[in-house]
Amino acid sequence: MTQIRFMKTDGPLADQAAALFAEEWRQQDLPDLSSLTVIVPTRHAGRRLREALALSGHRERRAIIPPVLHTQESLLSKLAMHSRDPETNDHPPHPTASDAETHWAMVEALRTIPSRQLEALFPRPGHDRPFPWLLAAARSICSMRRTLAGGRLSIATIVDKFETRIHEKDRWQVLARVESLYLDRLRDIRRQDFVDAMASMEDSSIAEFLASSTMRRLILVGLPELMPAFRSVLEVMEATPEPAIEAWIYRDSAEAGDFDRFGMPVPEKWNRRPLPWGESCLEIERCLEPSSMIRSVEKLLRSNPGPATSVAIGIVDPEITDQLESHLSAAGFELFNPAGRSCHQSEIHHFLSCWHRHLQQPGLSTAIELARIRDVSRAAAGDVPQPRLLEALDRLRVDYLVESLEGITQWLPGDEASDGLHSFLDWIIRWTGNFNTTSWKSAIPAMLSEVYSGRSLRDSRREDRAFVMVSQSVNQVLDSMSALPDIPGREALEILLGILGSTRFYEEREGQEVDLPGWMELLWESAPLLPVAGFQDHVLPESVSADIFLPEKFRHELGLPVNRDREARDAFILHSLVAARRKSGAVRLYFSDVNDTGDPLRPSRLAFLCKDTDLPERVTRLLGESSAHPSENPAPVFQNSFRLRIPSPPKQIERISVTAFSRYLECPFRYYLSDVLGMEQIPRLKMELDAMEFGSLFHKVLEDYGRDQDINAMADPGKIRSFLHEALDRNIHGRYGNSLPASLWIQRESLIQRLSHVADIEAQQRAEGWQIIEVELRIHHAWEEKFGSPWTIGGLKASGVIDRIEQHAGTGAFRLLDFKTSTRGKTPLEAHFLKMDDRDPWLAGRPDWQCCEPLSFGSGRSKIRKGVWKNIQLPLYAMAFMGLHQTGDLPSIGYFNAPSTVTETGLMMWDDFNHDMLRSAVRCAGAVAGAIAGRVFHPPNPSYQDLFHRETFPPFFIQSPEMILDLSGIQTMEARS
């Protein structure tokens, strides 16, 4: 029988356990506890116990030989290694398969099963079954088998022993077939399966192991639950002379009836036991969202007068761990997470993930992603600074449609400035080839070595120590994959990344740090003050019923843990945390009403453990209307955890283009970002010509037509059409090469259609007497040549290009045309004015210089009596033309529209344009130029959802600019002006 011993709860569990061990070693000349095997719940619990034993011996100035520490899982692993082969009755000679090997073997088994049979497991798996799908399915089945191993079960044993209880027999028979094929694959690489060894482990094998071991006493210390497989091992041990079994329970002996014979909490006794909410040592705080919960924890830390070791922060919900660590670290607290850090967040994992994506879809986009990694940039581009390399790659993405790296290198110039770019792309191409032609077993280590060989490490830096530990983890995973055959490099990388992503590394404590234990480690925390964050119902009690293969009812029939067992475990832990701090200390539980995405949350159901008469008050307190005022709880951290500081404008702005006036008129701040700071969005993957490139190509073809005096004098639409088509192909192939992507062929066809209709319009205009006088007139150059001084507007040097100037052969009248290829052709009136609306705060607040009144122009629905300038491009062209020709006569101005609806191709002249409008536009231009020269770029247009979510800044502004950015520098300039 198992002997039960109780530990007092008036002190930390580790100290109470150390006190019981002290009774053992004080009777010995040489304190030797090595004959004891101690089972602790977690790795952190073992560390705490070793610390307590060391301090206990230090106080009495005696060195202690510690006991052998195990978790349930580690001792079961030793037993599995000792189990006999059911066919030969010999101990298996092969080592236990690693996670990487089990995942590979399961993938190979799934590949063997016909797709139609797999439909019993996964709906519509598909005939191709790509490797990522296979690996995800393999992980799911392997996870389920690990759960079964906890009950000394396998899929085969379930099909054999529980056939009458299985409701989906076809499904389990397919699973059994997959498991059989999986075990065959492991035998091929001479590996033993842990789950199979556990399921086939006989009681006689356990007894044989115990007889051959040095284990004399087995002590269960502070265990809140037992794995079914471990319970069955204990039952075998009870029937053997040794080891003697003891269970040390962290509760008062008066509660002996609340535990089973192995010291585990009985669900019927704990699942309804009321928590002592009225005591001062236990409080629960409701918060609106995670960020306010974290700030409440910070406030409690700052109010704690004791050292860092007097408080530990329990984390129940793992989703808030990173957020809490980041916030408290920034607030100046030194933290230590005993659960370690995930390799998933490491530099090496990020690099391997990027490289894996590149192997799946090699091209410029993934190459740029790799270039952003400092070590890759240094290894591949040599002495070229990383910012310069990234800038060059971003320009490539903007300028070229060729995604193939080999195709891009053909277009790059061979000058010295491009050497770094050539080196980087050649490096990427070389290693891509290596992974396709050589074994991954040599390619992965060699690549990692080349990337990180130039890195200098210092042991004094925490990030460097973490890098070394992650490197060691990578080597261990690669070693665990050594028995795998030569599978494709992409598949090997995906297996490596999956294992590495779930691997954790453990750092050494560096001083007086605040511990961040998880829920299962809290019993071993000695800190008197214990705030517990994330006390939510979806994580506590822990749910065990979400497995797609093992629903709750079937788990119960198999003897596996079910929800009521976990609820009893977690209730026992919570009660014990409170009991340990009843005399000195406090437990503070924090929960939030919503998560970071705004989804509603509930407090843990453990918060409602109370008498029935107290339940209404408890529900009202925890779920009723929140007493917290929104102003006391700032918005969630994902919305505005900080504001970006925008740099102040340069001391002097000297130039402006004609097309830039519209951006300032639309929004001064948006103009500042795009035209002063030069912000632009770099496309993630350039698949086709953007609107500007499409329009530029169209302009270039019409420029070629306008400069050819032979063709532009003809009125023959067929000849004009042939010329335009030839000019298009000449320009498009000269710019993008002969091998065009499909998207560009489609855009070429669109241009062909538009130019065909343009040819008809051009022929008609020539027949009517309109002659082309000038194309692509650069106003600033012409002004300099004619007057010897720059063209200025409001004190700023101005620039602009008139697409075409035409003159009528009969009347001598001039007209200025601007080509437009937008989706829908607009009239000049629509393009230049907004109708005044006093209900719109932005429009109603426009200064007089931006308004045009008291004029009446337009007709029908387009008639405007008072307008607000939003664009002054065509009027400024007219002003410049009149200045160059030194005439007071207004030229006609208008658009040559070539929209996607080709039947709407044609000229749209601004017939109502007059001298009054010109004077208003010139006044507006002068005011805008003066404001820009005076560095006035505030306030932003409040219609930010329309203006800022366009193609220029869509990923940047998720709220209004004032909430995202610190605009103090710009506001200061406005005040000075």
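**Close-up views of a predicted model**

**View 1. Buried residues of helix H21.** In H21, the buried residues are Trp 440, Ala 443, Ile 444, Met 447, Leu 448, Val 451 and Tyr 452; buried means under 20% relative accessible area, exposed over 50%, and partly exposed in between, with a 1.4 Å probe and protein chains only. These residues lie on the same side of H21 because they cover an arc of only 130° around the axis, the arc being that of the directions from the helix axis to the C-beta atoms. Helix H21 (residues 440–452) has 13 residues and spans 18 Å from its first C-alpha to its last, close to the 18 Å expected at 1.5 Å a residue. The expected span is 1.5 Å times one less than the number of residues. Among the elements that cover the buried residues of H21 are helix H15 (347–360), helix H17 (374–381), helix H20 (419–437), helix H22 (462–480) and helix H23 (489–501). Helices (H or I, at least four residues) and strands (E, at least two) are DSSP runs, numbered from the N terminus.

The model is predicted: local features need pLDDT of at least 70 and side-chain atom pairs count only at pLDDT 80 or more, while totals for chains, interfaces and linings use all residues. Residues are numbered from 1 along each chain as its sequence is written, and side-chain values use heavy atoms, with hydrogens and water left out.

**View 2. The largest nonpolar core.** This core has 94 residues, of which Trp 172, Phe 351, Trp 355, Leu 393 and Phe 424 touch the most other members. Helix H6 (residues 131–149) gives the most to this core, with nine residues. A second, separate core of 58 residues includes Leu 33, Leu 53, Ile 249 and Cys 281. A nonpolar core is a set of buried Ala, Val, Leu, Ile, Met, Phe, Trp, Tyr and Cys residues joined through side-chain atoms within 4.5 Å. Not counting residues up to four places away in sequence, Trp 172 touches Met 144, Ile 155, Ile 158, Val 159, Ile 166, Phe 549, Leu 550 and Phe 554; contact means heavy atoms within 4.5 Å.

**View 3. Strand S2 and its partners.** From strand S2 (residues 36–39), Leu 36 and Val 38 point one way and Thr 37 and Ile 39 the other way, and all are buried. S2 runs parallel to strand S4 (residues 217–221), with four bridges between them; Leu 36 has Arg 217 as its bridge partner in S4. S2 also pairs in the parallel sense with strand S3 (residues 68–70), over three bridges, and the partner of Ile 39 in S3 is His 70. Two strands pair if DSSP finds at least two bridges between them. Together, S2, helix H2 (residues 43–59) and S3 make a right-handed β-α-β unit. A crossover is right-handed if, with the strands pointing away from the viewer, the path from the first strand over the helix to the second runs clockwise.

**View 4. A three-stranded open sheet.** The strand order is S21-S23-S22, with antiparallel pairing. The edge strands, strand S21 (833–835) and strand S22 (851–852), each pair on one side only. Two bridges join S22 to strand S23 (residues 867–869), where Gly 867 is the bridge partner of Cys 852.

**View 5. Loop residue Trp 791.** Trp 791 is in the loop between helix H33 (779–787) and strand S17 (792–793). Trp 791 counts as buried because its relative accessibility is 3%. The C-alpha atoms of Trp 791 and His 780 are separated by 5.6 Å, although the two residues are eleven residues apart along the chain. Leaving aside neighbours within four places in sequence, the contacts of Trp 791 include Val 658, Trp 783, Leu 796, Leu 876 and Met 879.

View 6. Most residues other than glycine have a negative phi, and most peptide bonds are trans. The bond from Glu 242 to Pro 243 is cis, with omega near 0°; Pro 243 lies in the loop between helix H11 (228–238) and strand S5 (244–249). Leu 540 and Pro 541 are also joined by a cis peptide bond, with omega about -5°. Phi is positive at Arg 152, near 55°, and at Gln 886, near 50°. Arg 152, in the loop between H6 and helix H7 (155–161), counts as buried at 15% relative accessibility, whereas Gln 886 is exposed, with a relative accessible area of 62%.
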